Amino acid sequence: MVQLSEIDIRSLKRHVLELLNEHTQVSVAQLLQAFPAEQGLGSVVGYLALAARHGEQAPGSEVVYWVGGDEVARSASVPAMYFMKERSHELVA
């Protein structure tokens, strides 16, 4: 099972900031496409937790993809959430 305390939040924040240097907004699905989930579901949960705190929720949902620790490809429908460039300072800490 995924434990939030084991998720590498620093790396996830770095990934968000890296993409926000190139784009004005970035979705969780875009992050997982650019940076494959190194921690499987943990990365997905981590991005969603960060987006809930530092992002904006949009209407609808999006499908995210990752490969689990068992090397099986997985997907899930999650709320559409975006990180915004103007809020990127919240991720620097």
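**Close-up views of a predicted model**

**View 1. The largest nonpolar core has 22 residues, and those with the most contacts inside it are Val-16, Val-28, Leu-31, Leu-32, Tyr-47, Val-64 and Phe-83.** Two or more core residues come from each of helix 1 (9–20), helix 2 (28–34), helix 3, strand 2 and strand 3. A nonpolar core here is a set of buried Ala, Val, Leu, Ile, Met, Phe, Trp, Tyr and Cys residues joined through side-chain atoms within 4.5 Å; buried means under 20% relative accessible area, exposed over 50% and partly exposed in between (1.4 Å probe, protein chains only). Helices (H or I, at least four residues) and strands (E, at least two) are DSSP runs, numbered from the N terminus. This is a predicted model, in which local features need pLDDT of at least 70 and side-chain atom pairs count only at pLDDT 80 or more, while totals for chains, interfaces and linings use all residues. Residues are numbered from 1 along each chain as its sequence is written, and side-chain values use heavy atoms, leaving out hydrogens and water.

**View 2. Leu-32 and its contacts.** Setting aside residues up to four places away in sequence, Leu-32 touches Ala-37, Val-44, Tyr-47, Val-64 and Tyr-65. Contact means heavy atoms within 4.5 Å.

**View 3. Three strands form an open sheet in the order 1-3-2, with antiparallel pairing.** Strand 1 (25–27) and strand 2 (56–67) stand at the edges with a single partner strand each, so one side of each has no neighbour in the sheet. Neighbouring strands are turned by 30° against each other on average, direction ignored. Strands 1 and 3 (residues 73–84) pair over three bridges; two strands pair if DSSP finds at least two bridges between them. Look for Gln-25, whose bridge partner in strand 3 is Met-84.

**View 4. Helix 3 (residues 41–54) packs on the sheet, touching strand 2 and strand 3.** Its direction makes about 20° with that of strand 3 (axes are lines fitted to C-alpha atoms, for helices over the stretch in contact, and angles run from 0 to 180 degrees between N-to-C directions). Buried residues of helix 3 include Gly-42, Val-44, Tyr-47 and Leu-50. Their cover includes helix 1, helix 2, strand 2 and strand 3.

**View 5. Ser-27 lies in strand 1.** Ser-27 is buried, with a relative accessible area of 3%. A polar contact of 3.2 Å joins its side chain to that of Glu-62 (a pair of N or O atoms within 3.5 Å; within protein, one must be able to donate a hydrogen and the other to accept it, and residues adjacent in sequence count only if both atoms are side-chain atoms).
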